[in-house]
2 protein chains.
Amino acid sequence: MNIKYLSQRAAQAIDVELMAPGGGGFVFEQLVELAGFSVAQAITKEYHHDKYPRVVVFSGPGNNGLDGLVAARHLTHFGYRPKIYYPKRADKPTNNGLMRQCTELDIPFVDTPEAGLQDSDLVVDAIFGFSFSGEVRQPFVSAIEALKKTQLPTVSGNLNNIGFEPSMLVSLTAPKEGVKHFKGLHYLGGRFVSKSMEKKWDLNLPQYPGTDQCVKLC
Amino acid sequence: MNIKYLSQRAAQAIDVELMAPGGGGFVFEQLVELAGFSVAQAITKEYHHDKYPRVVVFSGPGNNGLDGLVAARHLTHFGYRPKIYYPKRADKPTNNGLMRQCTELDIPFVDTPEAGLQDSDLVVDAIFGFSFSGEVRQPFVSAIEALKKTQLPTVSGNLNNIGFEPSMLVSLTAPKEGVKHFKGLHYLGGRFVSKSMEKKWDLNLPQYPGTDQCVKLC
């Protein structure tokens, strides 16, 4: 499969184009909904709730963290019992709404990475997105340290150069260059790219099966 | 199965509660996305794109029409070739965005019900929602007349007292009282209701299978 690995610049340009009124025409809330759903669905394919019922989602301060909140909500509907560690919350309507949706489903928010990992079967790392750069700050230094040490299977939305390798990766829209050599389970999500955008960016996306919002790459 | 059939008033109250900042916390764009996805997925369960590739969506002037636009988009990704009859379009950002998403996927918009039905294998009726009341006006009088005459299978989001009975119905959130005696295929969609709302409204919802966003009622 000759799938394209996107540079960070191309991935950012595609995100902009998806939301351009004369481009994809999406609003952010739609894309985060479909992205979070993709992640939750991909998790069900590899970590069934019979064996991994207790999931902790580590949500970072940016959009990747919001994907994590949406994933937690869908996981609840799918039969999992998630909890969320979300220490840096922007006070914006979208963030508040996505948090409220989780609270409405009785998903607890925990105060420390340790409280998140305790009595959990699976970790979702939604700390940083592909566009993260710069220095990791607290409390995420400690959160990443905790992820490095845990023996639990971990599912990440991205690989960042933060010294932590997850068991499974769910790339969104298209995989990024930084994940080319990743050896774990790899899914693609985000079934919302038009044929014309796929062609323009030479993405060569794989076929999604049935109505699935994710597809296994390896 | 002792599923509850909702009065129009209760259904409207639930819609309000789903979007209340201290209630469900959803924004409209999320709910329309999940609703339209439910409809598209339910269609794949009964009318496979191998046999019914050409779908026409009749979209009405309100929110039900927007569900139709989202369904058309997902149907395209699922392998169908939809077209849309959407004669009364409000010039609002959400409506324009949902239309743009269809145009970006090369979904054609047609000008008459007849042009929609021609060379189609399946019809999606997204003309009126459950809260429609009053007199049907043109061009929807003609559109409904065309639906009454067609031999094609038809999938509706609602039953309205408009003298037209679809082959299949996709109720959203919970079925409404008006559909109690419907004899066709019946699916439920809208897997976003919390346990506390389900209890409060005594909905007694069925279990959705796996990650499906729709469930067959009969």
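This is a predicted model: local features need pLDDT of at least 70, side-chain atom pairs count only at pLDDT 80 or more; totals for chains, interfaces and linings use all residues.
Residues are numbered from 1 along each chain as written, chains are lettered from A in the order written, and side-chain values use heavy atoms, without hydrogens or water.

**Exercise 1. Describe the contact of chain A and chain B.**

Step 1. Take contact as heavy atoms within 4.5 Å. Chain A gives 33 residues and chain B gives 33 residues.

Step 2. Take buried area as the accessible area (1.4 Å probe) that two parts lose on being put together, summed over both. The two chains bury about 2,700 Å² between them, 55% of it on carbon and sulfur atoms. A:His77, A:Glu104 and A:Thr211 supply 21% of the area that chain A buries against chain B, more than any other three residues.

**Exercise 2. Find which helix of chain A gives the largest share of the side that touches chain B, and check its span.**

Step 1. Helices are DSSP runs (H or I, at least four residues), numbered from the N terminus. Helix 2 of chain A gives the largest share, seven residues.

Step 2. Expected span is 1.5 Å times one less than the number of residues. The 19 residues of helix 2 of chain A should span 27 Å; the end C-alpha atoms are 28 Å apart, which agrees.

Conventions:
Helices (H or I, at least four residues) and strands (E, at least two) are DSSP runs, numbered from the N terminus.
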